[in-house]
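Please look over the structure shown below before reading on. The briefing after it takes up the contact between chains, then one chain by itself, and then selected parts of the other.

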Amino acid sequence: MTSGRKPKVEILQGTLDLIVLRALFTMGPQHAYSLATRLEQVTEHPLMLNQGTLYPALVRLEQKGWIKGAWQKTENNRDAKYYAITRAGTRALDEQTERWRRLAGLVDRLLLDES
Amino acid sequence: MNANWRRGWLRLRNVFGSARVERELAREVASHLELLEQEFLRRGLPPQDARTAARRAFGGVEQVKERHREERSIMWLDDARRDLQYATRTLRRTPGFTTIAIATLALGIGAATAIFSLADAALLHPLPFPDADRLVTVNEIVPFIGDRPIRVTAPDLLDYEQQTHNFSAVAGWIGISFELSGVGQSETIQAARVTPSLFAALQAQPSLGRVFTDDEDRKDVPVCIVSDGLWQRWFGADPHVLGRVAILDRKPYKVIGVMPRGFAFPLEGTAGVRTADLWVPMSLTPAERQARLDNWSYNALARMRPGVTIAQASADLESVARHIVSELAPLPNGTRVTFSAVARPLAPQVSGPLRPLVTTLLGAVACLLLIACVNVANLLLARGAHREREFAIRVALGAGRRRVFQQLVLETLLIAAVAALAGSLLAWWSVRTFSYVIPARLAALAQAPFNWQVLLFTVGITIAVTVLVGIVPGIGAIRRVRGNAMNERGAASGNVDRRRLRSTLVVVEVALALVLLVGAGLLGRSFSDLLRTYPGFDPEGAAAGSIGLPETAYPDTAREQQTWRALLDRLRALPGTTVAGVGTSLPLNGRRNERVFTPADSTAPPNTSLDISAMTTVDGQYLQAIGASLVRGRYFTAHDDAHAAPVAIVTESVWRQYWNGQDPIGKRLKWGGRDSSQPWLTVVGVVKDVKQDGLDTPAGPQIYVRSDQIASSVPAEYRAQHLRSMFGVVRGRGSADRLAADLRQAVRAVDPRLSVAHLEPLADTLATSASPERFNLLLMLAFAAAALALAAIGVYGVMAYSVTQRRQEIGLRMALGADAGTLVRMILGRGLLLALVGIALGTAGAIVTTPALRSLLFGVQPLDPPTFGTAALLLFVVAALATYIPARRASQVDPQIALRSE
């Protein structure tokens, strides 16, 4: 990994984690593919460069204990790893959402004042 | 916070063993790709395109996996772990190199650790007492005896204890031996009479019970404190031992305390001192208290108050001494006696005698370690040559030169660490296994387990070794990678650099080996000289042991004499015994009694100091039994008894000193000064000097007298301390062990409660006395042999490598008609040149360093030309052999094959 790309990832990191948590909260357990597809649909354009970009976020959230992965069969009877939000994850989602709103409001106000 | 901690822990865990996670990820990615592919197929793409589209949508699989790894684990740690794995694998791929490198360094580090642990104990922590730097001995300097500090008298000891201010405690002690009986067979034990203040001075507490009170000391209460060892051995580690009784010299003493394990006092190391197993109160007798200016046998030990300097402590003692002197009455002849007192730090007195030995060994082991390092550096350089292409490829693949360098250093560190581990085990094992060759005074210290200083030392030298061994070849390798080792010319110029460096290393190695060889050679010559010195007695076919008659059972001279006679009669009656005798001293035992005497008609120039000689009182055929050789006159006979004229036998020293050039037979001498009322003794024989303190110490003057002729006239103190405790000596046919057993049996037959202490063949006594020198020599020889072997390997390695490198050149020369002899001479010449330069450097090094050995040498000068010559020759021959083998191989090169090989 080159260090030049880091700032962009850093900005994205908080948001991406939040979006994944939110999606799992509203849609229930999902595998990485459906999650990626879902995110592309929601944002109405490819949010990420490609679907693999989701993996670092998933392992991060799993290590924090906010989501939990388990192998299950898809409706087409294929193996896939399904991620579900945990109770700690739900609590974190509330906190993070609240914080995000406040931050967004603050940025909004600052930007409006500036102009 | 909780979530972050959890994640941190999981990331750390993933540094080690994340194979399962990796497999799971691969499976998940595969399933993801499959789902994507299905989707594209469903949308109607042909299978081939669906697969490509799926991969495109997913992104680079390897990149994703790498990002996943970064996220789930701690990268730099993971890198380090992987480097370590890589290093392990690389080293395992060349087991020959790895084994030799590890073995070489393990030898060096192990030897260094073992010697350091001895040095640490002997020099840095010689005293096992708290705040030991405040402990001093109190000594007196009495001009009419000599100018050396000596021990003190009993009344002076009491004055120092009561009248000084700079000490928190002043204590006195005196060694003594007891017959311990009561349970099973009695034995002789080493003990000490101590003042109650001793334990305060040492700041030592018993692990059971208490120490003596002043009251017990004053009232001569029979109480004792036992060592942990004696408690275990004699009292079976009885937890209720307090109040039990130890029978000492047939008198019951109540046990009031047990000292903890590891408490040792007095300390071995101070000359002639044996650690006590039992302590009794000093309880000075009225006679002892009044013996002012009489018996300087009392050891005084004091603890300075915090902040007091040695000078202040001495001044304090000196003012007390001046006061004592001012109150002394002048001697009958009108002269005034004077003396002074000093405080001397205790630690150097204990470690001092060991210092030359230990520093020499430290120096030698440092040499050995350096040689080991040089050898491994040499191996690494050779290995680096083979690996340059590998490095170049790794750099070309984007590894970064720093990373490659790190990798190299890590490999060295790994070798050094494994070697340190093996070396520590080796050190631990060898100190335990070879403890019997370690002289007693060092062995007591070597019991200490590895402590953190030793551990720190081992870690320290491991790092130092890594730096020394790994950095230089590492830098060289990296620099050459920059010069692009992938092309041939870069490699060739690298070879020249490397050959020069390796040659330098070999020269250094040879030089260091020579220093060690010279050192070992000097010690070897000095040891053989030592063994060749005539000890004054015949160690073969004789055995001796000491026997003490307790006062309670043997209250008077008559009883004693009768017992010694009975013992001698029994010994003489034994079939294997030829001669037997008893005497108050034993060769090489160190125990002796020095007394003032007056020779009549002395030819010595008159001097102010007194004439002093060791006095040995004997009975039976003592001199014949030890095998003393008669120079003039005769031995004592049975006719020299109490009714005959008193006689003496003197050693050659006495003859040469007092009646030089005259016939000694018939000369007279008496004990005491000129006015003494002791009877005159007539010299009837002269024997060769008998060594008393050690083979390397010149024997002082000695005078032998018959016990029945002097018993009535000697002072009571001499009778109590010497005539009741004698050495029995038997000489005869059969083995010395058999004789020793006979002696023990005869003693028991006389009195079943008596025991024989230190019973051993005289040959063993002789061997023990040379044991420090033997230990020293053995270690130095081992180091020198290891150094020689390493140097040979070093020379061989460099020459063999250079022959391999020059195969083409050699092939060309042969093709052009050079014969094998010329080639061998050419290569031999180069190897021998290196050896000669090394030998020259080493000789210079040895000239500078060997004078430090002077105090360990006996009869050999530090710059002994034969030793230097022999060492140089030996090293030269070994180097020649190490060169000859590769040279010979070079001459057998087939030019056709050699020229075709590249």
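In this predicted model, 20 residues of chain B are in contact with 22 residues of chain A, where contact means that the C-beta atoms of two residues, placed from the backbone, lie within 7 Å. Residues are numbered from 1 along each chain as its sequence is written, chains are lettered from A and ligands numbered from 1 in the order in which they are written. Because the model is predicted, local features need pLDDT of at least 70 and side-chain atom pairs count only at pLDDT 80 or more, while totals for chains, interfaces and linings use all residues.

**Where the chains meet**

- On the side of chain B that touches chain A, at least two residues each come from helix H1 (2–15), helix H2 (19–42), helix H3 (47–58) and helix H4 (61–72) of chain B; helices (H or I, at least four residues) and strands (E, at least two) are DSSP runs, numbered from the N terminus.
- The residues on this side of chain B divide into 7 nonpolar, 4 polar and 9 charged, with Ala, Val, Leu, Ile, Met, Phe, Trp, Tyr, Cys and Pro counted as nonpolar, Asp, Glu, Lys and Arg as charged, and the others, Gly among them, as polar.

**Chain A**

- Chain A has 4 helices and 3 strands, which follow the pattern α-β-α-α-β-β-α when read along the sequence.
- Buried residues make up 27% of the 115 residues in chain A, a residue being buried if 20 or more other C-beta atoms lie within 10 Å of its own, exposed if 12 or fewer, and partly exposed in between, with C-beta atoms placed from the backbone.
- The 3 strands form an open sheet in the order E1-E3-E2 with antiparallel pairing, and two strands pair if DSSP finds at least two bridges between them.
- Strand E1 (30–31) and strand E2 (67–73) of chain A stand at the edges with a single partner strand each, so one side of each is left without a neighbour in the sheet.
- E1(A) is joined by 2 bridges to strand E3 (residues 79–85) of chain A, and His31(A) has Tyr82(A) as its bridge partner in E3(A).

**Strand E20 of chain B**

- Strand E20 (residues 725–732) of chain B has 7 of its 8 residues buried, so it is largely enclosed by the rest of the structure.
- Strand E11 (residues 542–548) of chain B runs antiparallel to E20(B) and is joined to it by 7 bridges, with Ser546(B) partnered by Phe727(B).
- Strand E12 (residues 577–583) of chain B also runs antiparallel to E20(B), through 6 bridges, with Val579(B) partnered by Arg731(B).

- Val654(B) lies in helix H21 (residues 652–658) of chain B and counts as buried because it has 26 C-beta neighbours inside 10 Å.
- Although Val654(B) and Gln702(B) are 48 residues apart in sequence, their C-alpha atoms are 6.8 Å apart in space.
- In helix H27 (residues 807–815) of chain B, Ile810(B), Gly811(B) and Met814(B) are buried.
- Seen down the axis of H27(B), these buried residues fall within an arc of 100°, so they line one face of the helix; the arc is that of the directions from the helix axis to the C-beta atoms.
- Just after H27(B), Gly817(B) takes a positive phi of about 105°.
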